[in-house]
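Here are my notes on this model, for reading alongside the sequence and the coordinates.

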Amino acid sequence: MSKTDWRIGIAGLGTVGAGLLNFLSDRPGFSPTGGQTVVTGVSARSRARTRPFDISNMPWFDDPVELARSPGNDIFVELIGGAEGPAKAAVEAALNAGKPVVTANKALLAVHGAELARLAESKGVPLLFEAAVMGGVPAVKIMREAMVGDDILSVAGILNGTCNYILTEMEATGRAFADVLADAQRLGYAEADPTTDVGGFDAAHKITLLAALAFGCAPNFAAAEIEGIDQIDLLDIRLAKDLGYRVKLVASAEKSDAGILVRVHPSLAPIAHPLAQAGGALNALFIEGQRIGRIYVQGPGAGAGATAAAVAADIADVMTRAVRPVFQKPASDLKPFTPIDPSKSMGRAYLRFMVKDEPGVIAAVSETLAEAGVSIESFLQKPIENTHGVPIVLTTHAVAESVLMAAIERIANLSSVLARPRLLRVARI
Ligand code: HSE
């Protein structure tokens, strides 16, 4: 091995780890500074597991922390996942040993990002996480590097491919959430335990990181408002379409004088809008800067090859000795994240009420909305009868969320309303 060769230790040999080993085996000379890459250590839960690649010539570490500390490698790549446990211990061990870390771990950084950034910067080593957000789409580099000359006002997009795939399939095939999820699990698009994806948590980890990069604040996962797609009813996908919208899981972060609002909700996007057009497992993101205006990126948010390419791009940054703070600003300058009370936020909404098909129902609903100060933008009653009544759906003009919630409570108590009203937000995109 020559002096310019790079010794890489990899902990976690799941989809992304496998993609990275394949890449390094195909392109050992990819370093922009020259020299070869050599995998000088691997670690995973089980050594014996059958894998579609050969690790027999790579030094094995039962304990990822030992691999992280080992002087036998120059760069530690953490692909274990999870906010706590071995991933956190190994990243801390590598940083404490003064070793550059590349990770795809969005949960770890969304929860512990500020303290890990402080540790990395105190040791003068990079902690890079391009693969943690939008897989192969270079969203982190856009935010941290390309937009450093601007002030970012908001980011909003589709950050979870599994949810986007499920919503796209539900609309295309007319099948219910549980059916499509079961298929996605069979095809390997969804995890056996899908909660992190369909519960909106994965998208919330990612938007938490984008908010930190956008606004120079410490990541604050606990402040994210999170609603997943697990309660999505096919009826709402159909009715939203009749009103000219598509349902997407939209993650957004916006800054105002009052603070920062980070949220993940199933939301309506106008069908012709680029976010509505990003189907299947695609990810998509709008970034709005004060000077640059709007930037739109779209691409594969998951998958072995695409995500490993993002890991490799970070490894290349370590090789070039690019020095940047972990987030937008030095860790010591990151502001505490002041969350905005979501009930004060303004937005448009889609409401569905299941009602008895009897005289006066529409009047009662619209009068209650009017009394509460909610203005209706569009209205639709569909002659779809089922045991739970007929649906009436409407969209509202922009209204404070607290006002909307109060109106929904009053309508829920009307005798002609048979079930809890369904609220979906209209995306602010
Ligand atoms: N499970 C994620 C998704 C990819 O479906 O987008 C990794 O974050």
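**Domains and ligand**

1. The protein chain falls into domain 1 (5-136 + 308-333), domain 2 (145-300) and domain 3 (343-426), with bounds from an automatic or database domain assignment. Residues are numbered from 1 along each chain as its sequence is written. This is a predicted model, in which local features need pLDDT of at least 70 and side-chain atom pairs count only at pLDDT 80 or more, while totals for chains, interfaces and linings use all residues; side-chain values use heavy atoms, with hydrogens and water left out.

2. The C-alpha centres of domain 1 and domain 2 are 26 Å apart. Their contact (heavy atoms within 4.5 Å) involves 20 residues from domain 1 and 22 residues from domain 2.

3. Between them, domain 1 and domain 2 bury about 1,600 Å², with 70% of it on carbon and sulfur atoms. Buried area is the accessible area (1.4 Å probe) that two parts lose on being put together, summed over both. Of the area that domain 1 buries against domain 2, 39% comes from A110, M134 and Q328, more than from any other three residues.

4. Across this interface the rule finds zero salt bridges, a salt bridge being a side-chain nitrogen of Lys or Arg within 4 Å of a carboxyl oxygen of Asp or Glu. On the side of domain 1 that touches domain 2, helix α4 (residues 106-123) gives the most, with seven residues; helices are DSSP runs (H or I, at least four residues), numbered from the N terminus.

5. Around the ligand are K106, N160, G161, T162, D197, D202, K206 and A302, each with a heavy atom within 4 Å of the ligand.

Technical notes: Helix = DSSP H or I, 4+ residues; strand = E, 2+ residues; numbered from the N terminus.
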